[in-house]
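Here is a short report on one protein model.

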Amino acid sequence: RIRAAVVRRGLDMIEKLAEEGGEPWDRFVRDFGNVLKEGIIEDPEHRERIAGLLRFASTESPQPRSVALGGAAERARERVDTEEAGAIWYLVADSLEQARTSPHLEAFRAAGVEVLLLGDPIDAWLVNHLDEFDGVALKSAASGEFQGPGRGEEDTTDREAESELAARISEALGERVGEVRVSRRLTESAACIAEPTDGMTLQMRRMLRQAGQEVPEAAPDLEVNPGHALVRRLRGEDDPDRFRALAEVLLDQALLVQGGELADPAGFVRRVNRLLAGEAEPGAD
């Protein structure tokens with residue numbers, strides 16, 4: 001009973017501090033924001049109240065710890081154009097800078113949909129314990145679920161050729177990838193890694209390995225942008241060694257952008273250098 005009373009009074013005081021705002025609240029969030037995130041994981045009884053106190057950066061408000069889930073939920077409800085948009089979208093990355101430049105945001109920017117940017121190490125754990133807030137689902141922008149209004153109907157010409165290209169890339173990369181598919185959400189980048197909707201992110205896998213835990217190997221899914229110059233070059237490449245080298249560079253770049261680790265960094269540099277020099281790597285693995 002004492003513990004319950006102390007927690008309740010503590011949350012009352014923090015909520016009052018949040019309502020008053022100003023420098024005291026900013027200082028509290030700066031010093032104890034990650035401790036509140038731990039509360040989401042460790043105290044399911046008060047998860048909703050604690051979640052209302054969290055603050056994040058977003059594509060609409062890039063300052064750290066400036067956006068509340070309550071405001072994000074209200075804006076999500078106002079987006080009635082598609083069911084996809086009616087969610088709180090977030091992107092987990094190794095840093096805010098990495099999140100801001102992620103190719104996963106391209107479709108959201110084109111559609112004018114806000115995405116929360118999560119760049120703290122604990123955020124990879126946080127989103128596994130927070131599926132919704134105030135009745136609005138939280139969804140990862142890296143999952144590939146969101147394509148933006150009308151994106152699925154664009155670029156309808158030459159779909160068969162695009163599917164054939166995806167199959168060629170998949171065959172060239174072999175066990176390094178799971179599924180290769182044509183992207184309808186990328187507008188500037190050549191490719192990106194599509195995370196499973198209910199699986200572990202690259203950040204979570206790395207954190208578990210660093211903690212000494214065994215993580216089963218899983219090949220990432222790759223999305224390619226058929227309108228990008230590098231992908232168009234792949235489509236017209238007949239030499240199998242050069243095609244494989246280009247496909248491997250495409251995958252390695254997508255992994256690096258998302259904070260993944262390359263199993264063979266030296267091989268990546270060697271392939272890039274050979275391609276820049278205008279030659280494929282003979283007998284590349």
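## Helix α1 and its partners

The buried residues of α1 pack against α2 (22-42), α3 (47-51) and β1 (55-58). Packing here rests on contact, meaning heavy atoms within 4.5 Å. Helices (H or I, at least four residues) and strands (E, at least two) are DSSP runs, numbered from the N terminus.

The buried residues in α1 are Leu11, Ile14 and Ala18. They sit on the same side of α1, because they cover an arc of only 65 degrees around the axis. That arc is taken from the directions from the helix axis to the C-beta atoms. The other side of α1 has Ile2, Val6, Arg9, Met13, Lys16, Glu19 and Glu20 exposed. Buried means under 20% relative accessible area, exposed over 50%, and partly exposed in between (1.4 Å probe, protein chains only).

Helix α1 covers residues 2-20, 19 residues in total. From first C-alpha to last, α1 reaches 27 Å, close to the 27 Å expected at 1.5 Å a residue. The expected span is 1.5 Å times one less than the number of residues. Just after α1, Gly21 takes a positive phi of about 65 degrees.

## About the model

This is a predicted model: local features need pLDDT of at least 70, side-chain atom pairs count only at pLDDT 80 or more, and totals for chains, interfaces and linings use all residues. Residues are numbered from 1 along each chain as its sequence is written, and side-chain values use heavy atoms, with hydrogens and water left out.

## Helix α12

Which residues of α12 are buried? They are Gly267, Phe268, Arg271 and Leu275. Seen down the axis of α12, they fall within an arc of 105 degrees, so they line one face of the helix. These buried residues pack against α11 (240-257). The face turned away from the buried side carries the exposed residues Ala266 and Leu276.

Helix α12 (residues 265-276) has 12 residues and should span 16 Å at 1.5 Å a residue. Its end C-alpha atoms are 17 Å apart, which agrees.

## The whole protein

The secondary structure comes to 12 helices and nine strands. The C-alpha trace spans about 70 × 45 × 30 Å along its principal axes. Of the 285 residues, 45% count as buried. Among contacts between residues at least 6 apart in sequence, 69% join residues at least 24 apart.
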